[in-house]
Amino acid sequence: AVGVEGILNEAGLLVRDFFKADGNPRATKANVMKCLSGAKWAHFACHGDIDTDSLVLALPADTIEGTKEMTNLSMTEVQGVELARGSTIVLSACNTGRGEINGEGVVGLSRGFLLAGAASTVVSLWSVDDGSTAALMQSMYCHLVDGFSVAQA
């Protein structure tokens, strides 16, 4: 079976992977925020922390200056990014569609991306198994490449 990256590469779409083959994380807040600016599409396969309203991009790592940098990307930080008009954000992590319900709807992890200009978000309302999620994402991306809308895929 072809993975998500293979499906997107076959369709001629750029895939920016934040992990080298040796597993060294490059998913720092700075790198991710830089890539999000103006992005039409972003896919986060990570841990969602609804208690801190953030995505856990990677384990904390030493920065170039030798200090520890937390790699939780908060939705407050995301709100400051200007996404491309009509962008789609995929949050392939547990419980990313959950949050506090108020007069404006659900305030959760997807809200930051919507406030940054995303037209749509793909989220989960429950805990998800890695294998099942990979199969679901492969199917979704195959449908998108075949011309389906985000909602249809």
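## Close-up views of the predicted model

**Figure 1. Both faces of strand β7 are covered.** On one side, Thr 88, Val 90 and Ser 92 are buried. On the other, Ile 89 and Leu 91 are buried too. Buried here means under 20% relative accessible area; exposed means over 50%, and partly exposed lies in between (1.4 Å probe, protein chains only). Helices (DSSP runs of H or I, at least four residues) and strands (runs of E, at least two) are numbered from the N terminus. The model is predicted, so local features need pLDDT of at least 70 and side-chain atom pairs count only at pLDDT 80 or more, while totals for chains, interfaces and linings use all residues. Residues are numbered from 1 along each chain as its sequence is written, and side-chain values use heavy atoms, with hydrogens and water left out.

**Figure 2. Strand β7 sits between β1 and β10 in an open, three-stranded sheet.** The order is β1-β7-β10, and the pairing is parallel. β1 and β10 are the edge strands, each pairing on one side only. On average, neighbouring strands of this sheet are turned by 10° against each other, direction ignored. Angles run from 0 to 180 degrees between N-to-C directions; axes are lines fitted to C-alpha atoms, for helices over the stretch in contact. Helix α5 (residues 130-145) packs on the sheet and touches β1, β7 and β10. The direction of α5 makes about 160° with that of β7.

**Figure 3. Bridges tie β7 to β1 and to β10.** Two strands count as paired if DSSP finds at least two bridges between them. β1 (residues 41-45) and β7 pair in the parallel sense over five bridges. Within this pair, His 43 stands opposite Val 90, and Ala 42 stands opposite Ile 89. Towards β10 (residues 120-122), β7 has three bridges, and these strands also run parallel. There, Ile 89 has Thr 121 as its bridge partner. Strands of a sheet pair through backbone hydrogen bonds, either parallel or antiparallel.

**Figure 4. Thr 96 is a buried loop residue.** Thr 96 lies in the loop between β7 (88-92) and β8 (99-102). How much relative accessible area does Thr 96 keep? The value is 0%, so Thr 96 counts as buried. The side chain of Thr 96 has polar contacts (pairs of N or O atoms within 3.5 Å; within protein, one must be able to donate a hydrogen and the other to accept it, and residues adjacent in sequence count only if both atoms are side-chain atoms). A polar atom of this side chain lies 3.2 Å from the backbone oxygen of Leu 91. The side chain of Thr 96 also reaches the backbone nitrogen of Ser 124, at 3.0 Å. Leaving out residues up to four places away in sequence, Thr 96 touches Leu 91, Leu 109, Ser 110, Val 123 and Ser 124. A contact means heavy atoms within 4.5 Å.

**Figure 5. The largest nonpolar core holds 18 residues.** Such a core is a set of buried Ala, Val, Leu, Ile, Met, Phe, Trp, Tyr and Cys residues joined through side-chain atoms within 4.5 Å. Which members touch the most other members? They are Leu 36, Phe 44, Leu 55, Leu 83, Ile 89 and Phe 113. Two or more residues come from each of α2 (29-36), β1, α3 (75-79), β7 and α4 (109-115). A second, separate core has six residues, among them Val 90, Met 137, Met 140 and Leu 144.

**Figure 6. Strands β2, β3 and β6 form an open antiparallel sheet.** The order is β2-β3-β6. β2 (47-49) and β6 (72-74) stand at the edges; each has a single partner strand, so one side of each is left without a neighbour in the sheet. Neighbouring strands here are turned by 25° against each other on average, direction ignored. β3 (residues 54-56) pairs with β6 over three bridges. One of the residues in this pairing is Ser 54, whose bridge partner in β6 is Ser 74.

**Figure 7. Arg 111 is buried in helix α4.** Its relative accessible area is 15%, so Arg 111 counts as buried. Not counting residues up to four places away in sequence, Arg 111 touches Glu 104, Gly 105 and Val 106.
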